[in-house]
Amino acid sequence: MKLLLSAIILLTISFKTNNKCFEQAPVIYKDSLATRFFQREVGCIAGDGGFSIPLSNGKILWLMGDSHINDYDTITKTIPCLFQVRNTALLQSMGDWNNKHTVTLTGTDK
């Protein structure tokens, strides 16, 4: 019992002194610039599982899983329920948040 209590005390002290990530609460906010960047009517207009990868040529590659490509209905302002593309990517110039300057990359059936 003494050994267990000693281990708990040591872990508690170690956690409090060594784990700096819990000393300050993270700042969370809605990034309106990034939100507008992904609001599109052409190209990749929606996707899930997005990841960004900075490239050595000054570009950023955004990888998406299931995606909607060119199926935004401007009249109803909706998209179909089901994705029609399984994978897609966006190529963005670093620091350029104008979505019209972004290239949508999709695979081919060949």
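Leaving aside its neighbours within four places in sequence, which residues is serine 67 in contact with? I shall return to that after a word on the model.

This is a predicted model, in which local features need pLDDT of at least 70, side-chain atom pairs count only at pLDDT 80 or more, and totals for chains, interfaces and linings use all residues. Residues are numbered from 1 along each chain as its sequence is written, and side-chain values use heavy atoms, with hydrogens and water left out.

The chain has two helices and six strands, in the order α-α-β-β-β-β-β-β along the sequence. Helices (H or I, at least four residues) and strands (E, at least two) are DSSP runs, numbered from the N terminus. Of its 110 residues, 20% count as buried; buried means under 20% relative accessible area and exposed over 50%, with partly exposed in between, for a 1.4 Å probe and protein chains only.

To the opening question, then. Serine 67 is in contact with Cys44, Ala46, Gly47, Phe83, Gln84, Val85 and Thr88, its neighbours within four places in sequence being left aside. Contact here means heavy atoms within 4.5 Å. Serine 67 belongs to strand 4, residues 67–69, and counts as buried because its relative accessible area is 0%.

From C-alpha to C-alpha, cysteine 81 and histidine 68 are 9.7 Å apart, with a sequence separation of 13 residues.

I turn now to the core. The largest nonpolar core consists of eight residues: Phe37, Cys44, Ile60, Trp62, Met64, Ile69, Val85 and Leu90. Strand 3 (residues 59–64) gives the most to this core, three residues. By nonpolar core I mean a set of buried Ala, Val, Leu, Ile, Met, Phe, Trp, Tyr and Cys residues joined through side-chain atoms within 4.5 Å. Phenylalanine 37, with neighbours within four places again left aside, is in contact with Trp62, Gln92, Asp96, Trp97, Asn98, Asn99 and Thr102.

Finally, the pairing of strand 3. Strand 2 (residues 51–54) and strand 3 run antiparallel and are joined by four bridges; two strands pair if DSSP finds at least two bridges between them. Phenylalanine 51 has leucine 63 of strand 3 as its bridge partner. The hairpin of these two strands has four residues between them, and in this hairpin glycine 58 takes a positive phi near 85°.
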